[in-house]
Amino acid sequence: MNRDGRITLAHGGGGMAMQRLIREVLLPAYGDPDHDGVEDQALLDAVLPAAGDRLAFTTDGYVVDPLFFPGGDIGALAVHGTINDLACGGAVPLALSIGLILEEGLEIETLRRVANSIGRCARDAGVRVVTGDTKVVARGAADKLFITSSGVGRVPAGLLLSSAKVRAGDVLVVSGPLGDHGAAILCERSELALQAGPRSDTRPLHRATQALAQACPGLRCMRDATRGGLGAILNEIAQASAVRIALDEELLVVDDATRGVSELLGLDPLYLANEGVFAALVPEGEAGAALAALRAVPESARAFVAGRATGGAAGVVLQTALGGSRVVDLLSGEQLPRIC
């Protein structure tokens, strides 16, 4: 390490500085004593599918500003976001890859905090970080720290989920309150002095999605409500299945802190990002079982029914508490940039 405790271009040069960074900061944080950090790949016998099982693979990038915020940080987002992308496709997540883009001048202690968060979140979720990469770019070529994460998982035989499978009459179940992550990032970025402000809901969802899939053999689809929030993913589902999804405003769960920030700044919680909430559509006869299964899992204990799919032109409508209705359309731009 260099004397002032900051990342230098030498840390990305493949030499001694890079090896020390990997061995002294990253590998201990990720918590894999069997991995010596030398090979450029991981051999994963455990992911080979059983008869009829399929492999799922996903990748995503994380550029959130700020790096640390109430309830989480960029490392937690990278782990949870990758796990959740797999989980909402019905997969059991098995292994992760973490790629780091570090800006010259980044404090090594900041990197250590993020790496420790990555390791802790992966261990808590029962998923291994098995490989990765580290690059250093010149000062000004990146904003402190970017992460690219990839994940592999196993989809059990017979589980076929798709946004195109939704039918009129299906019930919409949401696993938790809306908009907490987006509201938390906004407050931190804007330096709003709130005594009890919103906290990010970043969390892994695979235990909740697996419980739901076991309880509901007719499960149509699951989607995590990240960028664009619930409003965005429901529009995508409605278009894919050519159905109308009707939301009931009185059924929607929004925490007071998030609602207050939204009202203060003129934002709609339906479009604020979550990082630990997903939406699922299930046949009407399985809605009770779906809700019970989700509420039995800590990560989805506050699940609620939000509406249902109906006939009519494809799209999303909200039945308001005053008895009217309004269209919940896709936003034409970003409500809040660099949310994850």
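These legends describe close-up views of a predicted model.

**View 1. Helix H8 and its buried side.**
Helix H8 spans residues 287–295. Its buried residues are Ala287, Ala290, Leu291, Ala293 and Leu294. Around the axis they cover an arc of only 165°, which puts them on the same side of H8. What do the buried residues of H8 pack against? Two strands in this list are S7 (171–174) and S10 (278–282). Strand S11 (304–310) is there too, together with helix H5 (206–215).

**View 2. Ala287 in helix H8.**
Ala287 lies in helix H8. Is Ala287 buried or exposed? Its relative accessible area is 12%, and Ala287 is buried because buried means under 20%. Set aside the neighbours within four places in sequence, and Ala287 is in contact with Val171 and Val282. Ala287 and Leu219 are 68 residues apart in sequence. In space, their C-alpha atoms are 9.7 Å apart.

**View 3. Helix H5 packed with helix H8.**
Two packed helices are described by the angle between their axes and the distance between the axes. For H5 and H8, the angle is about 150° and the axes are 9 Å apart. Angles over 145 degrees count as roughly antiparallel, so H5 and H8 are roughly antiparallel to each other. H5 passes H8 in a right-handed crossing. Which residues of H5 and H8 meet? From H5 come Ala208, Ala211, Leu212 and Ala215. From H8 come Ala289, Ala290, Ala293 and Leu294. The residues of this contact divide into eight nonpolar, no polar and no charged. Ala290, Ala293 and Leu294 are also among the buried residues of H8.

**View 4. Helix H4 crossing helix H7.**
Helix H4 covers residues 180–190, and helix H7 covers residues 256–265. Their axes come within 9 Å and cross at roughly 60°. That makes H4 oblique to H7. The crossing of H4 and H7 is left-handed. On the H4 side, the contact is made by Asp180, Ala183, Leu186 and Cys187. On the H7 side, Thr258, Val261 and Leu265 take part. How do the residues of the contact of H4 with H7 divide into nonpolar, polar and charged? Five are nonpolar, one is polar and one is charged.

**View 5. A cis peptide bond at Pro66.**
The peptide bond from Asp65 to Pro66 is cis. Its omega is near 5°. Where is the place of Pro66? Pro66 is in the loop between strand S1 (54–62) and strand S2 (68–69).

**View 6. Lys144, with a positive phi.**
Lys144 is not a glycine, yet its phi is positive, at about 70°. The residue lies in a loop. Lys144 has 31% relative accessibility and counts as partly exposed.

**View 7. Ala242, with a positive phi.**
Ala242 is a residue other than glycine, and its phi is positive, near 55°. Which helix and which strand have the loop of Ala242 between them? They are helix H6 (229–241) and strand S9 (244–248). At 55% relative accessibility, Ala242 counts as exposed, because exposed means over 50%.

Definitions and conventions
Residues numbered from 1 in each chain as written. Predicted model: local features only at pLDDT ≥ 70, side-chain atom pairs only at ≥ 80, totals over all residues. Heavy atoms only, no water. Buried < 20%, exposed > 50% of the residue type's maximum accessible area, 1.4 Å probe, protein only. Helix = DSSP H or I, 4+ residues; strand = E, 2+ residues; numbered from the N terminus. Arc of directions from axis to C-beta. Contact = heavy atoms within 4.5 Å. Axes fitted to C-alpha atoms, helices over the stretch in contact; angles between N-to-C directions. Parallel < 35°, antiparallel > 145°, perpendicular 65-115°, else oblique. Left-handed = near helix turned anticlockwise from the far one by under 90°. Nonpolar A, V, L, I, M, F, W, Y, C, P; charged D, E, K, R; others polar.
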